[in-house]
Amino acid sequence: MFGLSALIGSGWMFGSSQAANVAGPAAILAWIIGALLVFVIAIVYVEIGTMFPEDGAMSRFAMYSHGSLLGHISSWANWLSLLAILPIEAVAAVQYMSSWPWSWAKWTTGLMSGSQLSGTGIIAAAVMLCVFTFINYWSVNLMAKFNNFISVFKLIVPFVTMIALVVAGFHMSNFGHNYSEFMPNGTSSIFVAISSAGVIFSYVAFQTLINLGNDIKKPSVNIKRAIVISLSIAAVIYILLQIVFIGALPQSIISKGWSAVNFNSPYADLAVLLNMMWLSTLIYFTAFISPFGSGMAFSASASRSLASMPKNRHMPKILARIDNPHNAPRVALLVNLVVSFILVLLFKNWSILSRVVSATMLISLLTGPVVAGSLRRIAPDFKRPTKIKGMKILAPLAFDLISLTIYWTMFPTTVEVIAIIIIGLPIYTYFDYNRGFKELKPKITASLWIFFQLIFLSLVSWLGGKDFGGLGMLQYPYDFVLILVVSTFVYYWAVNTAYHTGYLDDARELNSKVKMDDEDA
């Protein structure tokens, strides 16, 4: 339930509308392709996640095979990607609240100023961030129990919504009668929708299960099971939601073009248009409750990620403090609360935040396929409870797909997020200086590929197709071809720079405690 609750967050409330606005009926393909893409990435992470089940595991993998510099870049990006979910869930709830139709709730219209949160809306989002934080602050078990209740609710309401909308009227003509009507903005719009309309954002929450690996019973079995089941159910729900949303839209909106599909509270507004007030009430209530599930899940995951970073010896040790009866990383939770509030102040709209989150998450995922391929080379004797067949093909494929999807987040978002990630380097340099710059040459050599890849993706994003925010000097689909060719080269470069780091012995010790399936029996 925990993984599914993280996956079914604010994405279902906004994703269908945003994707339809970008790609029209072809948005359905965006959800299908996005699900397949994330499955490939997730299955690579399943292997290394079951090898090292620990809190904040995603912040540690790169350090084992490529040293502390790449480990810090990866953990910084992972922490930011998880942290950014908190403000986006809070903003989602407030954005839906702003269009509450009841007479007693007229004050909520002041929560939004145009398409962004107003001052009152920012305060409301801050209150929600505090709730996310303090439920985790007092107990992970309390969070899990509360989350289980919300998970059941979050599953029921989308299905009730779909059934009600189909019964009210489902128009097959909305899907078009030919190729150009089904795909009004061309094939490139499908890929833009995947990264920029909340599709990838909705799917990549699988990593919460890996970051909480130490809290999962029998992680050697249950991490894989939870990820596969959660992703499968989420994919079915999101694809069906998109189909129903398109089919239920009134002709009065479709006739204006897909760019006219622009709702503040998509499903609730649609229910009101169809005179289904009971459904709009249910959706408004769900929109208030639903983000709490994802918000709490990511509050736990982000705090574990931040608390694990001092293990890399390049962040203050106080962040790792868990000296309380509830086993909660309280200092990390409070730091996350402050940074989340700053993000709300900077990005006051769900659509903008979803692009930022998608780009940050994808960059944080880049190191996973490299680590999986590298450990097969430098640590073949490690226990692998879930040894994935075909990893020699899956790992470079996953790396290429992640690189492509980063490009799809569009310029200038791509460059802005890369810059935010680079900001973490001065912190690393300070702590590494205090440690005497150990393993300086090998860890720099093992990290050069990530700098090259980020600079390369920034340049292609700037020069690439206009559909992806670029100058149009590198036309679609030649931009895709270039990224795939260069990324494949970079993957093999990265794998071959892996070395026996000072942290690999820590990894070996952790891995030795892992129980294989036959040992669990």
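Tutor: A residue is called buried under 20% relative accessible area, exposed over 50%, and partly exposed in between. The model shown here is predicted.

Student: What distance separates the C-alpha atoms of Leu-334 and Cys-130?

Tutor: Leu-334 and Cys-130 are 204 residues apart along the chain. In the model, the separation of their C-alpha atoms is 9.2 Å.

Student: What accessible area does the nonpolar patch with Phe-437 have together?

Tutor: Phe-437 lies in the loop between helix H22 (425–434) and helix H23 (440–445), and it is partly exposed, at 33% relative accessible area. On the surface, Phe-437 forms a nonpolar patch with Tyr-433, Leu-440, Ile-444 and Leu-448. Together these residues have an accessible area of about 460 Å².

Student: Which elements give two or more residues to the lining of the second largest pocket?

Tutor: The second largest pocket has a volume of about 430 Å³. Of the 26 residues lining it, the closest to its centre are Gln-18, Asn-349, Ser-351, Ile-352 and Arg-355. The elements that give two or more residues to this lining are helix H2 (11–23), helix H18 (350–365) and helix H21 (413–422).

Student: How many charged residues does that lining have?

Tutor: By class, the lining of the second largest pocket has 11 nonpolar and 13 polar residues. The number of charged residues in the lining is two.

Technical notes
Residues numbered from 1 in each chain as written. Predicted model: local features only at pLDDT ≥ 70, side-chain atom pairs only at ≥ 80, totals over all residues. Heavy atoms only, no water. 1 Å grid on protein atoms, 1.4 Å probe; cavity = no way out; pocket = protein on both sides within 12 Å on 5 of 7 lines; lining within 4 Å. Points joined across faces, edges and corners; volume = space filled by probe spheres on them. Helix = DSSP H or I, 4+ residues; strand = E, 2+ residues; numbered from the N terminus. Nonpolar A, V, L, I, M, F, W, Y, C, P; charged D, E, K, R; others polar. Patch = residues over 30% accessible without salt bridge, like charges linked within 9 Å, V, L, I, M, F, W, Y side chains within 5 Å. Areas by Shrake-Rupley, 256 points an atom, 1.4 Å probe, with all protein chains shown as cover. Salt bridge = Lys/Arg side-chain N within 4 Å of Asp/Glu carboxyl O. Buried < 20%, exposed > 50% of the residue type's maximum accessible area, 1.4 Å probe, protein only.
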